Amino acid sequence: MRILAENHVHLLDPSELMRPEPTFADKNPSKFRDYSVDTTDPLKERVRQTYRQMHLNQTVDFVQGRRNHWLQFNTIQMTIREALEKLNDLVDESDPDLDLPNIIHAFQAAERARAEFPEHDWLHLTALIHDLGKIMAFYGEPQWAVVGDTFAVGCRWGDSIVYRDESFVGNPDGANPSYNTRYGIYKPNCGVDNLLMSWGHDEYMYSVLKHNRTKLPDVACNIIRFHSFYPWHNGGDYKHLEAPKDVETKKWVLIFNRYDLYTKSEVVPDIEALWPYYQTLIDKYLPGVLEF
């Protein structure tokens, strides 16, 4: 992989995006995203039950209601650092790979991005804040409407969604002819940015960034918006809804996926020592108090 320009990465082999280099994995890559069912394993069962509630309850009506609630941006005002420090008290109930506070994962991902692309400081900050929308969990939102992989609502659910075969049973949109077809409420090649996504931290944080007029580039905002849309960028679903411009978005999301997924480990970074550098990026791209 080599850099050609500020926002262009030449990829010699696209398949490499799906295959982490050994230096990006502190455990065997095959052990990540293990969604196998084992009702005797408390972690696996916690993950499965979180997705069951998500897939049962995330409907078009539900998503529209959550957008109406959260996108008023009147929940709380805080700095990026204050929001990040709240993540010290959050363990993602949908994550089969890590049972540590989310702030640790934030710095793990950011440091990997910094190591590979030292000149792209916007990418370092993107990695640091990519999960910041999870603060919704502290303000009354159940984790099944905050964390986990996202998917499009208003059309047939993608085949590669985790627990797809059984966890959507009972979701009323599955029996609604307006929502259960290949295209549903969408037009062919409408673009992923025009999809109504299941409600979660991705869409919320993207909206927070735009509302607060971030100076981060659009590609950074799109990484945050779609980094959990695994059925699209990893599973190959929803291609019929892609627009030509989505190729660039998917490329960057897959690059970012290396830092988001394959850095999850028990190796804890020295957060206090790293704060001064990341505070300079916060001051550059997202300064002051933000409205959440």
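Tutor: A residue counts as buried when its relative accessible area is under 20%. Keep that cut-off in mind for this structure, which is a predicted model.

Student: What makes α5 mostly covered?

Tutor: Of the 9 residues in α5, 9 are buried. They run from Asp121 and Trp122 through Leu123, His124, Leu125, Thr126, Ala127 and Leu128 to Ile129.

Student: Which helices cover the buried residues of α5?

Tutor: The cover includes α3 (80-86), α4, α7 (201-211), α8, α10 and α11 (271-285).

Student: Where is aspartate 149, and why is aspartate 149 called buried?

Tutor: Aspartate 149 lies in the loop between α5 (121-129) and β4 (152-153). Its relative accessible area is 9%. The cut-off is under 20%, so aspartate 149 is buried.

Student: Is serine 228 buried or exposed, and how do you know?

Tutor: The relative accessibility of serine 228 is 6%. Buried means under 20%, so serine 228 counts as buried. Its place is in the loop between α8 (218-226) and α9 (230-233).

Student: What is serine 228 in contact with, leaving aside its neighbours within four places in sequence?

Tutor: Serine 228 is in contact with Gly148, Asp149, Thr150, His201, Asp202 and His233.

Student: What makes the pair serine 228 and histidine 227 a polar contact?

Tutor: The contact between the two side chains is 3.4 Å. A polar contact needs a pair of N or O atoms within 3.5 Å, and residues adjacent in sequence count only if both atoms are side-chain atoms. This contact runs from side chain to side chain, so the pair qualifies.

Student: Why are α8 and α10 called roughly perpendicular?

Tutor: Their axes cross at roughly 70° and come within 9 Å. Angles of 65 to 115 degrees count as roughly perpendicular, and therefore α8 and α10 are described that way. The crossing is right-handed.

Student: Which residues meet there?

Tutor: Val219, Asn222, Ile223 and Phe226 in α8 meet Thr249, Trp252, Val253 and Phe256 in α10.

Methods. Residues are numbered from 1 along each chain as its sequence is written. This is a predicted model: local features need pLDDT of at least 70, side-chain atom pairs count only at pLDDT 80 or more; totals for chains, interfaces and linings use all residues. Side-chain values use heavy atoms; hydrogens and water are left out. Helices (H or I, at least four residues) and strands (E, at least two) are DSSP runs, numbered from the N terminus. Buried means under 20% relative accessible area, exposed over 50%, partly exposed in between (1.4 Å probe, protein chains only). Contact means heavy atoms within 4.5 Å. A polar contact is a pair of N or O atoms within 3.5 Å; within protein, one must be able to donate a hydrogen and the other to accept it, and residues adjacent in sequence count only if both atoms are side-chain atoms. Axes are lines fitted to C-alpha atoms, for helices over the stretch in contact, and angles run from 0 to 180 degrees between N-to-C directions. Angles under 35 degrees count as roughly parallel, over 145 as roughly antiparallel, 65 to 115 as roughly perpendicular and the rest as oblique. A crossing is left-handed if the near helix is turned anticlockwise from the far one by less than a right angle, and right-handed if clockwise.
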